[in-house]
Amino acid sequence: DYFMNQKNSLGLNSCFMDLDDPIELFKIWMSEAEKKEINDPNALSLATTNQKNEPSVRMILLKGLNEKGFVFYTNLSSPKSNDLKKNPKAEMCFHWKSLQRQIRIFGSIVQIGDKDADAYFSSRPYESKIGAWASDQSKIMEKKEEFLKKINELKKKHKDNENIPRPKNWSGWCLSPITVEFWVGDKFRIHERLKYIKISNVWKKEILYP
(Lines give C-alpha, C1' and ligand atoms only; values in the text may rest on other atoms or scores of the structure.)
Protein backbone atom coordinates (compact mmCIF):
# COMPACT_ATOMS: atom_id res chain seq x y z
CA ASP A 1 0.00 0.00 0.00
CA TYR A 2 1.54 3.30 -1.08
CA PHE A 3 0.08 4.96 2.04
CA MET A 4 2.27 2.88 4.37
CA ASN A 5 5.02 5.49 4.77
CA GLN A 6 2.56 8.30 5.41
CA LYS A 7 0.80 8.74 8.76
CA ASN A 8 -2.27 10.47 10.13
CA SER A 9 -2.31 12.56 13.34
CA LEU A 10 -2.55 9.39 15.47
CA GLY A 11 0.58 7.91 13.87
CA LEU A 12 -1.45 5.38 11.87
CA ASN A 13 -1.36 4.63 8.14
CA SER A 14 -2.75 7.72 6.41
CA CYS A 15 -5.59 5.65 4.89
CA PHE A 16 -7.22 5.94 8.36
CA MET A 17 -7.29 9.71 7.70
CA ASP A 18 -8.39 12.21 10.40
CA LEU A 19 -12.17 12.11 10.30
CA ASP A 20 -14.52 12.58 13.25
CA ASP A 21 -17.28 10.50 11.61
CA PRO A 22 -16.54 6.80 10.91
CA ILE A 23 -19.33 6.67 8.32
CA GLU A 24 -17.39 9.12 6.15
CA LEU A 25 -14.29 6.92 6.44
CA PHE A 26 -16.39 3.84 5.65
CA LYS A 27 -17.63 5.49 2.43
CA ILE A 28 -14.06 6.28 1.35
CA TRP A 29 -12.86 2.73 2.04
CA MET A 30 -15.90 1.27 0.30
CA SER A 31 -15.29 3.38 -2.81
CA GLU A 32 -11.70 2.07 -2.91
CA ALA A 33 -12.93 -1.52 -2.45
CA GLU A 34 -15.33 -1.03 -5.36
CA LYS A 35 -12.31 -0.32 -7.57
CA LYS A 36 -10.14 -3.21 -6.30
CA GLU A 37 -12.36 -6.13 -5.26
CA ILE A 38 -13.31 -8.42 -8.14
CA ASN A 39 -16.65 -9.62 -6.73
CA ASP A 40 -19.15 -8.02 -4.37
CA PRO A 41 -17.20 -5.34 -2.49
CA ASN A 42 -20.45 -4.81 -0.53
CA ALA A 43 -20.32 -8.39 0.83
CA LEU A 44 -20.17 -8.70 4.61
CA SER A 45 -20.49 -11.33 7.28
CA LEU A 46 -23.42 -10.72 9.62
CA ALA A 47 -23.30 -12.22 13.12
CA THR A 48 -26.48 -12.67 15.17
CA THR A 49 -27.49 -14.68 18.23
CA ASN A 50 -30.68 -16.55 19.01
CA GLN A 51 -32.57 -16.71 22.31
CA LYS A 52 -30.22 -19.49 23.50
CA ASN A 53 -27.24 -17.16 22.92
CA GLU A 54 -26.05 -19.42 20.08
CA PRO A 55 -24.23 -17.38 17.42
CA SER A 56 -24.82 -17.59 13.67
CA VAL A 57 -22.80 -15.92 10.94
CA ARG A 58 -23.44 -15.68 7.20
CA MET A 59 -22.43 -13.63 4.17
CA ILE A 60 -24.92 -11.06 2.93
CA LEU A 61 -24.81 -7.92 0.76
CA LEU A 62 -25.07 -4.34 1.98
CA LYS A 63 -27.84 -2.68 -0.02
CA GLY A 64 -28.07 0.78 1.53
CA LEU A 65 -26.36 3.31 3.77
CA ASN A 66 -28.26 6.29 5.16
CA GLU A 67 -28.24 8.62 8.17
CA LYS A 68 -29.77 5.83 10.30
CA GLY A 69 -27.28 3.11 9.36
CA PHE A 70 -26.45 0.08 7.23
CA VAL A 71 -29.31 -1.63 5.37
CA PHE A 72 -29.76 -5.18 4.06
CA TYR A 73 -32.81 -7.13 2.88
CA THR A 74 -34.07 -10.62 3.66
CA ASN A 75 -37.03 -12.88 4.27
CA LEU A 76 -38.58 -11.90 7.63
CA SER A 77 -39.01 -15.60 8.50
CA SER A 78 -35.32 -16.40 7.88
CA PRO A 79 -33.08 -17.51 10.78
CA LYS A 80 -31.29 -14.15 10.77
CA SER A 81 -34.59 -12.26 10.99
CA ASN A 82 -35.84 -14.54 13.76
CA ASP A 83 -32.57 -13.96 15.64
CA LEU A 84 -32.93 -10.19 15.28
CA LYS A 85 -36.52 -10.25 16.53
CA LYS A 86 -35.26 -11.93 19.72
CA ASN A 87 -32.00 -9.97 20.06
CA PRO A 88 -31.93 -6.78 17.96
CA LYS A 89 -28.14 -6.42 18.17
CA ALA A 90 -25.69 -7.64 15.53
CA GLU A 91 -22.22 -7.16 14.08
CA MET A 92 -21.14 -6.74 10.47
CA CYS A 93 -17.64 -7.48 9.18
CA PHE A 94 -16.37 -6.32 5.80
CA HIS A 95 -13.05 -7.85 4.71
CA TRP A 96 -11.32 -6.71 1.53
CA LYS A 97 -8.44 -9.09 0.89
CA SER A 98 -7.03 -7.13 -2.06
CA LEU A 99 -6.73 -4.02 0.14
CA GLN A 100 -5.71 -5.80 3.36
CA ARG A 101 -8.50 -3.90 5.10
CA GLN A 102 -11.38 -4.85 7.35
CA ILE A 103 -14.22 -2.97 9.02
CA ARG A 104 -16.32 -4.30 11.92
CA ILE A 105 -19.58 -2.54 12.77
CA PHE A 106 -21.57 -3.36 15.91
CA GLY A 107 -24.96 -1.89 16.70
CA SER A 108 -28.67 -2.21 17.25
CA ILE A 109 -31.04 -3.22 14.46
CA VAL A 110 -34.56 -2.18 13.49
CA GLN A 111 -36.79 -3.25 10.62
CA ILE A 112 -37.09 -0.59 7.92
CA GLY A 113 -40.42 0.97 6.96
CA ASP A 114 -42.74 -0.51 4.33
CA LYS A 115 -42.28 2.49 2.03
CA ASP A 116 -38.49 2.03 1.89
CA ALA A 117 -38.85 -1.74 1.46
CA ASP A 118 -41.35 -1.25 -1.39
CA ALA A 119 -39.03 1.22 -3.13
CA TYR A 120 -36.06 -1.13 -2.97
CA PHE A 121 -38.08 -4.21 -4.01
CA SER A 122 -39.41 -2.39 -7.08
CA SER A 123 -35.82 -1.59 -8.14
CA ARG A 124 -34.80 -5.26 -8.14
CA PRO A 125 -34.47 -7.34 -11.34
CA TYR A 126 -37.49 -9.42 -12.41
CA GLU A 127 -35.81 -12.77 -11.57
CA SER A 128 -34.87 -11.56 -8.07
CA LYS A 129 -38.45 -10.49 -7.38
CA ILE A 130 -39.76 -13.88 -8.48
CA GLY A 131 -37.10 -15.60 -6.35
CA ALA A 132 -38.20 -13.66 -3.26
CA TRP A 133 -41.75 -14.97 -3.74
CA ALA A 134 -40.68 -18.54 -4.54
CA SER A 135 -38.19 -19.18 -1.74
CA ASP A 136 -39.10 -20.33 1.78
CA GLN A 137 -35.67 -19.17 2.87
CA SER A 138 -33.67 -21.76 4.88
CA LYS A 139 -36.60 -24.19 5.05
CA ILE A 140 -35.94 -27.80 4.03
CA MET A 141 -36.39 -28.49 0.31
CA GLU A 142 -37.11 -32.03 -0.86
CA LYS A 143 -35.87 -31.52 -4.42
CA LYS A 144 -34.65 -28.51 -6.35
CA GLU A 145 -37.32 -29.25 -8.95
CA GLU A 146 -40.05 -28.10 -6.54
CA PHE A 147 -38.33 -24.70 -6.24
CA LEU A 148 -37.98 -24.40 -10.03
CA LYS A 149 -41.63 -25.36 -10.44
CA LYS A 150 -42.68 -22.59 -8.05
CA ILE A 151 -40.53 -20.11 -9.99
CA ASN A 152 -42.16 -21.12 -13.32
CA GLU A 153 -45.67 -20.88 -11.84
CA LEU A 154 -44.93 -17.40 -10.49
CA LYS A 155 -43.51 -16.28 -13.85
CA LYS A 156 -46.79 -17.30 -15.48
CA LYS A 157 -48.75 -15.43 -12.82
CA HIS A 158 -46.54 -12.31 -12.87
CA LYS A 159 -45.50 -11.60 -16.43
CA ASP A 160 -45.24 -7.84 -15.94
CA ASN A 161 -42.12 -6.84 -13.99
CA GLU A 162 -43.64 -3.53 -12.91
CA ASN A 163 -46.62 -5.10 -11.16
CA ILE A 164 -44.92 -7.67 -8.91
CA PRO A 165 -45.76 -6.62 -5.34
CA ARG A 166 -43.31 -7.02 -2.47
CA PRO A 167 -44.01 -10.15 -0.39
CA LYS A 168 -45.21 -9.11 3.07
CA ASN A 169 -42.62 -11.40 4.68
CA TRP A 170 -39.71 -9.76 2.79
CA SER A 171 -38.21 -6.51 4.01
CA GLY A 172 -35.05 -4.82 5.23
CA TRP A 173 -33.14 -4.36 8.45
CA CYS A 174 -31.06 -1.32 9.38
CA LEU A 175 -28.05 -1.58 11.72
CA SER A 176 -27.43 1.66 13.61
CA PRO A 177 -23.72 1.67 14.54
CA ILE A 178 -22.49 1.96 18.12
CA THR A 179 -18.87 0.94 17.41
CA VAL A 180 -16.97 0.90 14.11
CA GLU A 181 -13.47 -0.59 13.93
CA PHE A 182 -11.13 -0.10 10.96
CA TRP A 183 -8.26 -2.56 10.47
CA VAL A 184 -5.28 -2.51 8.11
CA GLY A 185 -3.04 -5.57 7.79
CA ASP A 186 0.74 -5.29 7.87
CA LYS A 187 3.58 -7.81 7.81
CA PHE A 188 4.74 -9.52 11.02
CA ARG A 189 1.23 -8.97 12.43
CA ILE A 190 1.96 -5.30 13.15
CA HIS A 191 -1.60 -4.56 12.08
CA GLU A 192 -3.21 -1.20 12.75
CA ARG A 193 -6.64 -0.78 14.32
CA LEU A 194 -8.74 2.33 14.86
CA LYS A 195 -12.01 2.04 16.78
CA TYR A 196 -14.80 4.61 16.92
CA ILE A 197 -17.23 4.40 19.86
CA LYS A 198 -20.44 6.42 20.00
CA ILE A 199 -20.89 7.97 23.45
CA SER A 200 -23.81 10.40 24.01
CA ASN A 201 -24.13 10.78 20.24
CA VAL A 202 -20.47 11.80 19.85
CA TRP A 203 -17.83 9.56 18.24
CA LYS A 204 -14.70 8.88 20.31
CA LYS A 205 -11.54 7.31 18.78
CA GLU A 206 -9.28 4.63 20.23
CA ILE A 207 -6.20 2.91 18.80
CA LEU A 208 -6.06 -0.82 19.60
CA TYR A 209 -3.10 -3.20 19.88
CA PRO A 210 -3.17 -5.80 17.09
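Accessible areas here come from the Shrake-Rupley method with a 1.4 Å probe. With that, I looked up the surface: the protein chain exposes about 12600 Å², and carbon and sulfur atoms supply 52% of it.

A note to myself on the source: this is a predicted model, where local features need pLDDT of at least 70 and side-chain atom pairs count only at pLDDT 80 or more, while totals for chains, interfaces and linings use all residues. Residues are numbered from 1 along each chain as its sequence is written, and side-chain values use heavy atoms, with hydrogens and water left out.

Next I checked the overall build. I found five helices and nine strands in the protein chain (DSSP runs, numbered from the N terminus: helices are H or I with at least four residues, strands are E with at least two). I also noted that 41% of the 210 residues count as buried, meaning under 20% relative accessible area (1.4 Å probe, protein chains only).

Then I turned to helix H4. Its buried residues are Tyr126, Lys129, Ile130, Ala132 and Ala134. I see them pack against helix H3 (114-123), helix H5 (144-157) and strand E7 (170-184).

Last, I asked which residues line the largest pocket and divide into nonpolar, polar and charged. The lining holds eight nonpolar, six polar and three charged residues (Ala, Val, Leu, Ile, Met, Phe, Trp, Tyr, Cys and Pro count as nonpolar, Asp, Glu, Lys and Arg as charged, and the others, Gly among them, as polar). Lining residues have an atom within 4 Å of a pocket point; a pocket is an open set of points on a 1 Å grid over the protein atoms alone, where a 1.4 Å probe fits, with protein on both sides within 12 Å along at least five of seven lines. Strand E4 gives the most to this lining, with four residues.

Note on methods:
Buried < 20%, exposed > 50% of the residue type's maximum accessible area, 1.4 Å probe, protein only. Contact = heavy atoms within 4.5 Å.
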